[in-house]
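I opened the model today and kept notes as I went. The entries follow in the order I looked things up.

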Amino acid sequence: MHEPPFTFHDVVRMADPRSFNRGESYYRQGRVLNLRHDPSIDTYFASVAGSSRNLYDVELYWTDEMLQSSCTCPVEFECKHGVAVALQVLAEPLPDTRDEPKDWQQWLSGLPDAEGPATARMPPGRHYLRYDLAPTSRGFRIQLRKGYLKQDGSWSQLREHYSDISTTYWRPDYMDDSDADVQRLLESDGGGSYRVVGRAGHLALKQLLSTRRFFFRDRPLNAGPSRELRWEWLPSPQDPSMKQLHGALEALEEWQLIDVEPPLYLASDLNQLGDIVSRVSAAQLTHLLRMPPVAASDLLSMALELRRRFSEDTLPLPVDVQIEQRSGFRPRLTLVTVPTGSSKIPAALLDFDYGGIVQAPFYDHRPPTSTEI
């Protein structure tokens, strides 16, 4: 027989006096139906006939040294229906609903999924840490919350979680090794929020995708396919006479950049997070996406500067630029005089002649006034 881990005093503490009195009446009226216990998650399940004869599903569990309940009624938590179920459990200790597993059954239950232990199904009826991706003015952050996973797969009792388990040896039962690994990769700013930056941020986000506890706007995020970035020059929405650089990902109309290394994209309409295939670094990608509109009169100068930094197969230009590469040169020395106070002193200027194109050295500190000899 299963002995419940709570007492009558715990039931009294669970609910307010009004809910307790009404729940006690429901219990005495025999409204608790189909009571059962699952020892694998130490949770009680039952249906309770409400005042309008609607049946409400109740889950009752002992966690954090407290008796708690969740219900499908409008109150949802620690309601009169939960009180009725708790009193029924105390009145009639239940046999476990499952026989003791055989050795081979116990072995089979521990067989990892094909994609690894992190993607294994999460047993409902218990608390977990949940991670929510949140946009801010400075990029994306991870908000950490503790919640209860119900039998239907929905979450309840979501509350912000502040403790940092990455630096402690003891962990509550609602945390596991994956939680510690993720928090070691993230940068905490205190108060249950974490920054995602650099290579560590990329690894943390990829690991969160495998936990099935990673959400964006209350919808679970999934791993999306790698998508190639394509650069386009489009008219500026503010002034069509100006050009602006735009980054497009294949098969996506809208996406957001996750500024980690390597970079990731967020496709919120598809609930996907995936890799961006690009020839530029994450820092360069972020900077290029913030390029301001360029006037038509400045396109050629801007294109020349961009070509100095990016090859043709890395970044296309808004205008055709003919660049001739010359490697052979002839040094040229010019004797000059430089005024110093009331007199002049002789000096020499060094240039390099690339087939008629004269280029001064990069370290050249040419005096403001000089006269050739």
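Predicted model: local features only at pLDDT ≥ 70, side-chain atom pairs only at ≥ 80, totals over all residues.

Entry 1: I looked up L304 in particular. L304 sits in helix α8, which spans residues 299-309. Its relative accessibility is 37%, so L304 counts as partly exposed.

**Entry 2: the whole chain.** I noted the totals next. The protein chain has eight helices and 21 strands. Of its 373 residues, 41% count as buried. The chain exposes about 22,400 Å², and carbon and sulfur atoms supply 51% of that area. I also checked contacts between residues at least 6 apart in sequence: 51% of them join residues at least 24 apart.

**Entry 3: the four-stranded sheet.** In what order do the strands of the open sheet of four strands run? I read β1-β2-β3-β4, with antiparallel pairing. β1 and β4 (66-71) stand at the edges, each with a single partner strand, so one side of each has no neighbour in the sheet. Neighbouring strands are turned by 20° against each other on average, direction ignored. As a reminder to myself, strands of a sheet pair through backbone hydrogen bonds.

I then went through the β1 and β2 pair. Five bridges join β1 to β2 (residues 43-49), and the two run antiparallel. L33 lies in β1, which covers residues 32-38. Its bridge partner in β2 is S47. Leaving out residues up to four places away in sequence, L33 touches A46, S47 and L55. The C-alpha atoms of L33 and A49 are separated by 7.8 Å, and the two residues are 16 apart along the chain. L33 is partly exposed, at 34% relative accessibility.

Entry 4: Is H81 buried or exposed? H81 has 4% relative accessibility, and the cut-off for buried is under 20%, so H81 counts as buried. Beyond four places in sequence, H81 touches Y26, V48, G50, Y56, V58, C71 and C73.

**Entry 5: α5 and α6.** I moved on to α5 (residues 177-185). Its buried residues are S178, D179, A180, V182 and Q183. What covers them includes β5 (126-136), β6 (139-149), β9 (193-195) and α6.

I followed α6, residues 198-209, and stopped at G201. G201 is buried, with a relative accessible area of 0%. Not counting residues up to four places away in sequence, G201 touches L185, V196 and V260. Its C-alpha atom is separated by 7.7 Å from that of E261, a residue 60 places away along the chain.

**Entry 6: a hairpin.** I turned to β6 and β7, which form a hairpin with five residues between them. G153 in the turn has a positive phi of about 90°. Four bridges join β6 to β7 (residues 155-160), and the strands run antiparallel. R145 has E160 as its bridge partner in β7.

Entry 7: I wrote down the background first. Most residues other than glycine have a negative phi, and most peptide bonds are trans. Then I listed the exceptions I had looked up.

- Q157 has a phi near 55°, a positive value in a residue other than glycine. Q157 lies in β7. Its relative accessible area is 7%, so Q157 is buried.
- R217 also has a positive phi, near 55°. R217 lies in the loop between β10 (214-216) and β11 (219-220). At 59% relative accessibility, R217 counts as exposed.
- The peptide bond from E261 to P262 is cis, with omega near -5°. P262 is found in the loop between β15 (256-258) and β16 (264-267).

Technical notes
Residues numbered from 1 in each chain as written. Heavy atoms only, no water. Buried < 20%, exposed > 50% of the residue type's maximum accessible area, 1.4 Å probe, protein only. Contact = heavy atoms within 4.5 Å. Pairing = 2+ DSSP bridges. Axes fitted to C-alpha atoms, helices over the stretch in contact; angles between N-to-C directions. Areas by Shrake-Rupley, 256 points an atom, 1.4 Å probe, with all protein chains shown as cover.
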